[in-house]
Amino acid sequence: MGATGLVRIDVTDKFSAFVKDHEVEGQNGGVRFFGSLLSVAILAIACGGDGSQDLATQLAAANQEIAEIADAKDALAASNDDLERKIAQLKASLEDKDRLIELFDDEAGFLELLNEQDMGIDELRDRLDVPPQVTQEATIFTMSVHVEGWTGENRNPEKFDRHAEIILAVAHEASQAGGIFSFELSSEFATSFGAKDVVDQLLALGHAIEAHADVGGVGTPSLEELTRQLAVKFKQVQSLGVTPVLVSGICSRGPFVEAAISADFLITTGVVEYCLTSLDATHQPDGWNIGDCPSPAQCHGRPEFSLSQRATPWRTSSSSSWIVPELDGDFLIIVGESGTTVKCLAEDEVGSGGCRYSNKDINEYARLAESYVLHDEQSNDGRCCIFSTTISVGESPPEGFISELINSVSFLVDEGRAEWRTPHQIYLKLVEDAEN
Ligand SMILES: [Zn+2]
């Protein structure tokens, strides 16, 4: 909206400058024209009979001047028409912009704040009935699998094996159905003896290995402390033979963006409401109270983002303003459907017993996936769209759940409207797009 406001001022100034120039030019033309007629009349009166030769010459000169003035007048009329057309065009464009501004003003609170970053253009486009520009690029599907630590599994091979079995079952179901998942490892899992073997199997199935940090959620950690913790997570994954690009579970009152950048991470998913606690007060959403957000566990819902914002990743370099996109920020925020794991998609309110995996979750997953794809097909933003979701394992999804989940969206993949991608591939694609 800021940009649109600026454009309006700019156009208004240009517009009034045009009108002013036009008036001055018209008046001067008139003055010159009548001035010349007057001088011809004075000449005719001043010259008597003896000066007829002179008079004839002067009349000829005056006629010549009148002809020239008539030509100039015609040229002026043509340029008037031209100017009037330009003014009409400018007026029409001003009206368009006023409509845009009105629409922006309708948006309330947080959405308005975010729309200031020009992220709501696609929605405005829809509401203005502007024909969408069809993009050929498929919507990207990505699934973060939070491999939560099982307490003591790195000292208990039997416990680790039970956990690994669940992870591998999810991975096999996903790859058989054509899905590519991002397995994000907790320290507990990554430092277990059998981790390297599991990682190799996951990679062989085409999946990605990234880091799940679960840090920063207590108090206000310093940059040094957060960086040290995240650098440890980075090395744990690296020692399994993979260089991670993505880290989930990093939201903090402390400088989590700067720390993740210092620890060499490039992307985060899993943005939850707790992530808003690092923002400067000016960037916090209207009506949102930081006091109601004491810990990640009590504040893990998703902030109110529009579909366009959820589907379009953006860059940042600052924890205090991460919701404001920075063109050359070093860290990529992907919101997607984070804040809700897949098993909670169909639940409006998560009761004390937590969510259950159900067919309704699959229906909701498919509905959301299609809404992202449709949004992408109507968007002309090259960064859009990524459908990012989360599963926490954790407990095991029922057998067949993952297959059905992937199958519910496979028609979109088969039609070439969507494709599964790893975080690394997403990053490369976005860097490429930014360079083109
Ligand atoms: Zn976690």
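This is a predicted model: local features need pLDDT of at least 70, side-chain atom pairs count only at pLDDT 80 or more; totals for chains, interfaces and linings use all residues.
View 1. Strand β9 covers residues 418-420 and includes E419, which counts as partly exposed because 15 C-beta neighbours lie inside 10 Å. Leaving aside residues up to four places away in sequence, E419 touches A138, I140, F141 and V413. G178 is 241 residues from E419 along the chain, yet the C-alpha atoms of the two are separated by 9.6 Å.

View 2. The bond from C384 to C385 is cis, with omega near 5 degrees, and C385 belongs to the loop between α11 (359-378) and β8 (386-392). A cis peptide bond also runs from V393 to G394, here with omega near 15 degrees, and G394 sits in the loop between β8 and α12 (401-407).

View 3. D214, a residue other than glycine, has a positive phi near 50 degrees and is placed in the loop that links β3 (208-212) with α8 (223-238). Because 18 other C-beta atoms lie within 10 Å, D214 is partly exposed. For D264, phi is also positive, near 80 degrees, and the residue lies in the loop between α9 (256-262) and β5 (267-268). D264 has 15 C-beta neighbours inside 10 Å and therefore counts as partly exposed.

Conventions. Residues are numbered from 1 along each chain as its sequence is written. Helices (H or I, at least four residues) and strands (E, at least two) are DSSP runs, numbered from the N terminus. A residue is buried if 20 or more other C-beta atoms lie within 10 Å of its own, exposed if 12 or fewer, and partly exposed in between; C-beta atoms are placed from the backbone. Two residues are in contact if their C-beta atoms, placed from the backbone, lie within 7 Å.
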